[in-house]
Amino acid sequence: MTHTLRVVFAGTPEFAAAALAAIHQAGFPVPLVLTQPDRPAGRGMKLQASAVKRYALEHGLCVAQPPSLRRTGKFPAEAAQAIDQLRATPHDVMVVAAYGLLLPQEVLDIAPHGCINIHASLLPRWRGAAPIHRALEAGDAQTGITLMQMDAGLDTGAMIEVARTPIDAHDTTATLHDKLASQGARLIVDALTVLERTGSLPATPQPAEGATYAEKIGKHEAALDWRRSAVALARQVRAFDPFPGGVATLEDGTALKVWSAEPVEAANEAARAEPGTIVHVSPEGVVVACGEGALRLTQLQKPGGKRLPVREFLAGAALAPGQRLRLPEAA
């Protein structure tokens with residue numbers, strides 16, 4: 001099927017690439033793709049193209065990578081050039097997904113139908129950079145996708161469509177990301193089809209109540225604070241997979257990545273032990289006393305090593321009851 005609605009797309013990571021692929025494969029013309037500049041990544045820190053750029057180039061789509069779209073700041077000339085290119089590119093609507101650059105009102109006003117954002121939360125909950133991580137970390141029972149008519153605020157625009165997804169007890173940011181990427185891709189294609197057919201998309205202002213901010217995840221958050229409850233720590237481990245991982249530090253300073261863990265009821269020895277004390281070691285898991293309950297670590301990684309099930313990890317690492325894991329300094 002071919003469409004006539006012309007879509008400029010702006011996005012950067014895999015989440016956005018799923019939406020671009022769906023829009024392109026559905027037959028919508030995509031005259032221009034905006035994505036962030038290539039970034040150094042990997043062990044060699046070589047420049048890496050974004051997932052969106054890779055898809056665009058593989059399918060012959062025009063790509064622009066301005067470092068900014070704001071005429072004020074460090075890159076006014078590059079921003080002006082990108083805005084001129086947008087104005088010179090005939091299009092009907094702009095779709096934005098995890099782009100990573102702020103869009104000033106001048107850019108929002110260029111497309112006749114404005115800019116539609118694919119946001120991975122149930123707005124107004126978790127506005128901002130890390131909605132999937134923060135929903136998991138907070139123990140939310142559900143999340144989803146909100147299609148939003150963008151305004152100049154941070155994820156404050158009117159809601160076009162909402163789709164809900166339950167958060168499974170074993171979901172990580174990685175698994176939830178993939179579910180939401182697929183959901184967002186389906187939702188935007190349906191919305192663009194309606195926009196093409198009817199010429200408009202009804203939008204509802206976001207509720208004033210319940211707004212929260214999903215701050216970007218930092219490496220400094222990785223340390224597991226054993227004074228917290230085992231339930232909260234298990235959520236943290238799931239939320240920080242694949243980045244930055246939960247970190248448990250041995251007394252000798254060795255930092256172990258914790259990739260999988262589950263709360264368990266504290267046995268007598270765990271209930272009496274100081275938080276951070278290893279109370280039980282077996283092929284099924286390493287049990288650590290917490291401020292409330294105990295946490296069974298089931299997948300671990302040594303520095304420079306691979307993620308391993310605890311059974312394999314213990315074959316090359318000596319962990320024993322009574323060992324202590326460091327408590328991070330209180331913030």
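The following legends describe an overview and close-up views of a predicted model.

Residues are numbered from 1 along each chain as its sequence is written, and side-chain values use heavy atoms, with hydrogens and water left out. Because the model is predicted, local features need pLDDT of at least 70 and side-chain atom pairs count only at pLDDT 80 or more, whereas totals for chains, interfaces and linings use all residues.

**Figure 1. Overview of the chain.** The chain contains 9 helices and 17 strands (DSSP runs, H or I of at least four residues for helices and E of at least two for strands, numbered from the N terminus). Its C-alpha trace spans about 70 × 45 × 40 Å along the principal axes. Of its 331 residues, 49% count as buried (under 20% relative accessible area, 1.4 Å probe, protein chains only). Among contacts (heavy atoms within 4.5 Å) between residues at least 6 apart in sequence, 64% join residues at least 24 apart.

**Figure 2. The largest nonpolar core.** This core has 51 residues; a nonpolar core is a set of buried Ala, Val, Leu, Ile, Met, Phe, Trp, Tyr and Cys residues joined through side-chain atoms within 4.5 Å. F9, I23, I118, L147, I188 and L192 touch the most other members. Helix α6 (residues 173-198) gives the most to the core, with 10 residues.

**Figure 3. Surroundings of F9.** With residues up to four places away in sequence not counted, F9 touches A16, A19, L20, I23, V30, L32, V33, L34, V52, V95 and A97.

Figure 4. Helix α5 (residues 131-138) is largely enclosed by the rest of the structure, because 7 of its 8 residues are buried. These are P131, I132, H133, R134, A135, L136 and E137. The buried residues of α5 pack against β7 (115-119), β8 (127-128), α6, β11 (213-214) and α7 (230-239). Just after α5, G139 adopts a positive phi of about 80°.

**Figure 5. Packing of α5 against α7.** The axes of α5 and α7 come within 7 Å and cross at roughly 160° (lines fitted to C-alpha atoms over the stretch in contact, with angles from 0 to 180 degrees between N-to-C directions). The two helices are therefore roughly antiparallel to each other, a term for angles over 145 degrees. In this contact, H133, L136, E137 and A138 of α5 meet R235, R238 and A239 of α7. By class, the contact has 3 nonpolar, 1 polar and 3 charged residues (Ala, Val, Leu, Ile, Met, Phe, Trp, Tyr, Cys and Pro count as nonpolar, Asp, Glu, Lys and Arg as charged, and the others, Gly among them, as polar).

Definitions and conventions:
Buried means under 20% relative accessible area, exposed over 50%, partly exposed in between (1.4 Å probe, protein chains only). Angles under 35 degrees count as roughly parallel, over 145 as roughly antiparallel, 65 to 115 as roughly perpendicular and the rest as oblique.
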